[in-house]
Amino acid sequence: MIMFQVGDSVRYCRAGTSGDPVGNPEDVNIILIIFPCQYEVKAPVPSACFRNICKQMAKMHEAIFDLLPEEQTQMLFLRINASYKLHLKKQLSHLNVINDGGPQNGLVTADVAFYTGNLQALKGLKDLDLNMAEIWEQKR
């Protein structure tokens with residue numbers, strides 16, 4: 001069990017259950033991820049929320065990169081990203097921010113670009129497909 005704590009945010013992951021210290025890629029499970037900041041769509045960009053999340057993810061990456069094979073590290077960060085996208089999508093929906101090219105959309109797009117750039121700059125994650133377009137509600 002690996003635990004990461006940064007401020008009020010706690011992250012747990014289990015690496016391996018098959019006797020070896022790492023196990024199979026399927027053995028890496030995210031048990032709990034808490035996104036402590038409530039994202040507000042306002043200047044400055046990047047927002048404090050996105051800066052904080054990128055900082056925490058970089059610290060976590062630094063702590064696990066030498067412990068897990070690159071493939072498992074990529075899988076773990078894809079799962080964290082999927083969880084974060086869902087959280088962000090709910091927050092944007094709650095704030096009634098839509099993908100309309102307006103000022104709020106521009107702020108979100110800039111924050112998301114900052115996030116993806118930071119995540120893909122981490123060793124072994126440059127080719128990760130984060131598919132951030134999923135944060136936007138589909139027009140009906």
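**Exercise 1. How do the axes of α1 and helix α2 (residues 70–94) lie relative to each other in this predicted model?**

Step 1. Start with the axes: those of α1 and α2 come within 12 Å, and they cross at roughly 160°.

Step 2. Angles over 145 degrees count as roughly antiparallel, so α1 and α2 are roughly antiparallel to each other.

Step 3. Now look at who meets whom. From α1 come F50, I53, M57, M60, H61 and I64, and they meet T73, L76, F77, I80, Y84 and L88 of α2.

**Exercise 2. Work out what span helix α1 (residues 48–64) should have, and check it against its end C-alpha atoms.**

Step 1. α1 has 17 residues, and at 1.5 Å a residue it should span 24 Å.

Step 2. The C-alpha atoms at its ends are 24 Å apart, so the two values agree.

**Exercise 3. Which residues of α1 are buried, and where do they sit around the axis?**

Step 1. List the buried ones in α1: C49, F50, I53, C54, Q56, M57, M60, H61 and I64.

Step 2. These residues cover an arc of only 165° around the axis, so they end up on the same side of α1.

**Exercise 4. Is T73 buried or exposed, and what does T73 touch?**

Step 1. Find T73 in helix α2.

Step 2. Its relative accessibility is 1%, and buried means under 20%, so T73 counts as buried.

Step 3. Leaving out residues up to four places away in sequence, T73 touches H61, I64, F65, L68 and L125.

Methods: Residues numbered from 1 in each chain as written. Predicted model: local features only at pLDDT ≥ 70, side-chain atom pairs only at ≥ 80, totals over all residues. Heavy atoms only, no water. Helix = DSSP H or I, 4+ residues; strand = E, 2+ residues; numbered from the N terminus. Expected span 1.5 Å × (residues − 1). Buried < 20%, exposed > 50% of the residue type's maximum accessible area, 1.4 Å probe, protein only. Arc of directions from axis to C-beta. Axes fitted to C-alpha atoms, helices over the stretch in contact; angles between N-to-C directions. Parallel < 35°, antiparallel > 145°, perpendicular 65-115°, else oblique. Contact = heavy atoms within 4.5 Å.
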